[in-house]
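The tour goes from one selection to the next and says what is found at each.

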Amino acid sequence: MAQQENMERQRRRETGERLRYWRTRRQCSQAEVARAAGITQASLSNYETGKRELPMSTALAIVSALDVTLGDIIDVGDVIVLRDSRLGRRSEEHTSELQSH
């Protein structure tokens, strides 16, 4: 049980480190990213430090705000189904644009 909790904490920390990496690489403040993602700066800080679990809906909003992929932030499988999210709609638009050229 304790080993599983440690693994979960480590996973949250690693996700938080990737969030911080991409936010700083994009030269954005926590406040800017939080505002664009529709969350509070305090919540983003908690995700970056691994204090809170990052819900998928929030992860999708953050990756959209940072213009990165979900795989850049969290460890995901090869196949993800995106429905009714800004990222999903954006992916569809991008695919349509590529196909029209």
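**The whole chain**

Start with everything shown as a cartoon. This is a predicted model. The protein has six helices and zero strands, and along the sequence the pattern reads α-α-α-α-α-α. Colour by accessibility next: of the 101 residues, 32% count as buried. Among contacts in the protein with a separation of 6 or more, 55% are between residues 24 or more positions apart.

**Helix α1 against helix α3**

Select residues 2-25, which form α1, together with residues 41-49, which form α3. The two helices pack at an angle of about 120°, and their axes are 6 Å apart. An angle of that value makes α1 oblique to α3. Now show side chains at the contact. From α1, pick Arg-12, Arg-13, Gly-16, Glu-17, Leu-19, Arg-20 and Arg-23; from α3, pick Leu-44, Tyr-47, Glu-48 and Thr-49. By type, the residues of this contact of α1 with α3 are three nonpolar, two polar and six charged.

**Two residues inside α1**

Stay on α1 and select Leu-19. Is Leu-19 buried or exposed? Its relative accessible area is 2%, so Leu-19 is buried, the cut-off being under 20%. Leaving out residues up to four places away in sequence, Leu-19 touches Tyr-47, Glu-48, Leu-54, Ile-62, Leu-66 and Ile-73. Draw a distance from Leu-19 to Ile-73, C-alpha to C-alpha: the two are 5.9 Å apart in space and 54 residues apart in sequence.

Then move to Thr-15, also a residue of helix α1. Thr-15 is buried, at a relative accessible area of 6%. With residues up to four places away in sequence again not counted, Thr-15 touches Leu-54, Ile-73 and Ile-74.

**The aromatic pair**

Select Tyr-21 and Trp-22 and show their rings. The structure holds one aromatic pair. How are the rings of Tyr-21 and Trp-22 placed? Their centres are 5.2 Å apart and their planes lie at 80°, so the pair is edge-to-face, a class that takes planes over 60 degrees apart. Tyr-21 is partly exposed, with a relative accessible area of 44%, whereas Trp-22 counts as buried at 14%.

**The loop between α1 and α2**

Go on to Gln-27, in the loop between α1 and α2. Gln-27 has a positive phi, near 55°, and is not a glycine. Most residues other than glycine have a negative phi. At 72% relative accessibility, Gln-27 counts as exposed.

In the loop between α1 and α2 you will also find Ser-29. Ser-29 is partly exposed, at a relative accessible area of 31%.

**Helix α2**

Select residues 30-37 for helix α2, then highlight Gln-30, Val-33, Ala-34 and Ala-37, which are buried. Turn the view to look down the axis of α2. The buried residues fall within an arc of 100°, so they line one face of the helix.

**Helix α2 against helix α3**

Show α2 and α3 together. They pack at an angle of about 110°, with axes 8 Å apart. The helix α2 is therefore roughly perpendicular to α3, as angles of 65 to 115 degrees are classed. The α2 side of the contact consists of Gln-30, Ala-31, Val-33 and Ala-34, and the α3 side of Gln-41, Leu-44, Ser-45 and Glu-48. Sorted by type, the residues of the contact of α2 with α3 are four nonpolar, three polar and one charged.

**The loop between α4 and α5**

For the last stop, find α4 (56-66) and α5 (70-73), and select Asp-67 in the loop between them. Asp-67 is not a glycine, yet its phi is positive, about 60°. At 44% relative accessibility, Asp-67 counts as partly exposed.

Note on methods. Residues are numbered from 1 along each chain as its sequence is written. This is a predicted model: local features need pLDDT of at least 70, side-chain atom pairs count only at pLDDT 80 or more; totals for chains, interfaces and linings use all residues. Side-chain values use heavy atoms; hydrogens and water are left out. Axes are lines fitted to C-alpha atoms, for helices over the stretch in contact, and angles run from 0 to 180 degrees between N-to-C directions. Helices (H or I, at least four residues) and strands (E, at least two) are DSSP runs, numbered from the N terminus. Angles under 35 degrees count as roughly parallel, over 145 as roughly antiparallel, 65 to 115 as roughly perpendicular and the rest as oblique. Contact means heavy atoms within 4.5 Å. Ala, Val, Leu, Ile, Met, Phe, Trp, Tyr, Cys and Pro count as nonpolar, Asp, Glu, Lys and Arg as charged, and the others, Gly among them, as polar. Rings of Phe, Tyr and Trp (its six-membered ring) pair if their centres lie within 6.5 Å; planes under 30 degrees apart count as stacked, over 60 as edge-to-face and the rest as tilted. Buried means under 20% relative accessible area, exposed over 50%, partly exposed in between (1.4 Å probe, protein chains only). The arc is that of the directions from the helix axis to the C-beta atoms.
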